[in-house]
Amino acid sequence: EGRGRYTVHHGDCLAILPTLPAQSVDAVITDPPWMEYETGRYDASAWHKPILYVSPFDYCPQLFRVLRDDSALIMWCRWDRFEEHKKAAIAAGFTVRNQIVWAKPNHTAGDLYGNLGNQHECAVFAVKGNWKRHTKRESNLWIEPHLFSRNKRFHPTEKPLNLMQRCVRLCSPEKTTILDPFMGSGTTGVAAMLEQRRFIGIELDADYFDIAKRRIHEATLQQPLFSMAAD
């Protein structure tokens, strides 16, 4: 479904990504399902639907194909899955330039006596070609609030809007196109709308797709329309 500034697809990204034209997007910002939440250490099924793991080696080649030259990829994951996602990005042709660390104000509970509390997540920051920053230089440590309360989230792994707006601003200038192949509840799309970018999103789950579509549409009403003509 399309609305001019954004296009959202309901379906499996492994089937939809190959239908997108090569070199048609300016950045990829995504929080893929890096753990099978139904059988993994964290079970979201009591309050949200289970989320099934997808190997980054399956979709990273398509992300590389659809990205324009000299563009950037931000791919969120947990510390113990960073190497897997890094290796998948490199195998697809990306150059991994850094690890973004998101420092949260509070930590998880987990094993209170035998382990440390987790207070951060990380992201692979990779580029295709010779990406250069167009805004102020960022560091790789981002201190941002966390959507800790479940009643403030539409999705079990939902990222805070400020964090995703920061990703959008870093990756590409205004009026360019952001892709999120694992759209979830649509926070990346909302961030893209508020930051005056175009957006392409893909989501498999029908309920999350509907939530994302509504949230992204509402975000377009908060910002003036911009010309779709190339600059």
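Start by selecting arginine 81 and glutamate 84, whose side chains form a salt bridge with 3.6 Å from N to O. This is a predicted model. Arginine 81 is partly exposed, at 24% relative accessible area. Glutamate 84 is partly exposed too, at 22%.

**Next stop: arginine 169 and glutamate 195**

Select this pair and show the side chains. They meet in a salt bridge, N to O at 3.0 Å. Arginine 169 belongs to helix H4, while glutamate 195 sits in the loop between H5 and strand S8 (198-203), so the bridge ties together parts 26 residues apart in sequence. Now check the surface. Arginine 169 is partly exposed, at 35% relative accessibility. Glutamate 195 is buried, with a relative accessible area of 12%.

Zoom in on aspartate 31 and lysine 159. Their closest N and O atoms are 2.6 Å apart, and the two form a salt bridge. Aspartate 31 is in the loop between S2 and helix H2 (56-66), and lysine 159 is in the loop between strand S6 (141-143) and H4, so this pair links parts 128 residues apart in sequence. Are these two residues buried or exposed? Aspartate 31 and lysine 159 are both buried. The model's salt bridge count is 11.

**A buried aspartate without a salt bridge**

Move to aspartate 180, in strand S7 (residues 177-180). Aspartate 180 is buried but has no salt bridge. Which side chain of opposite charge is nearest to aspartate 180? It is arginine 215, 9.5 Å away. A salt bridge would need a nitrogen within 4 Å of a carboxyl oxygen.

Look instead at the polar groups around aspartate 180. The side chain makes a polar contact with the side chain of threonine 30, at 2.7 Å. A polar atom of the aspartate 180 side chain also lies 3.0 Å from the backbone nitrogen of phenylalanine 182. Beyond four places in sequence, the contacts of aspartate 180 include Ile29, Asp31, Thr188 and Phe199.

Select phenylalanine 199. Setting aside neighbours within four places in sequence, this residue contacts Asp180, and also Arg5, Tyr6, Met183, Ala192 and Ile216, among others.

Phe199 is part of the largest nonpolar core, which has 32 residues. Colour Ile74, Trp76, Ile100, Phe125, Phe199 and Ile216: these touch the most other members. Then show the elements that each supply at least two residues of this core, including strand S3 (67-77), strand S4 (95-103), strand S5 (120-128) and helix H6 (206-220). Helix H4 gives the largest share, six residues.

**Last stop: the cysteines**

Select cysteine 13 and cysteine 77. Cysteine 13 is buried, at 4% relative accessible area. Cysteine 77 is buried as well, at 0% relative accessibility. How many disulfides does the model hold? The count is zero. For cysteine 77, the nearest cysteine sulfur is that of cysteine 122, at 4.2 Å.

Notes:
Residues are numbered from 1 along each chain as its sequence is written. This is a predicted model: local features need pLDDT of at least 70, side-chain atom pairs count only at pLDDT 80 or more; totals for chains, interfaces and linings use all residues. Side-chain values use heavy atoms; hydrogens and water are left out. A disulfide is a pair of cysteine sulfur atoms within 2.5 Å. Buried means under 20% relative accessible area, exposed over 50%, partly exposed in between (1.4 Å probe, protein chains only). A nonpolar core is a set of buried Ala, Val, Leu, Ile, Met, Phe, Trp, Tyr and Cys residues joined through side-chain atoms within 4.5 Å. Helices (H or I, at least four residues) and strands (E, at least two) are DSSP runs, numbered from the N terminus. Contact means heavy atoms within 4.5 Å. Lys and Arg count as positive and Asp and Glu as negative; His and the chain ends are not counted. A polar contact is a pair of N or O atoms within 3.5 Å; within protein, one must be able to donate a hydrogen and the other to accept it, and residues adjacent in sequence count only if both atoms are side-chain atoms.
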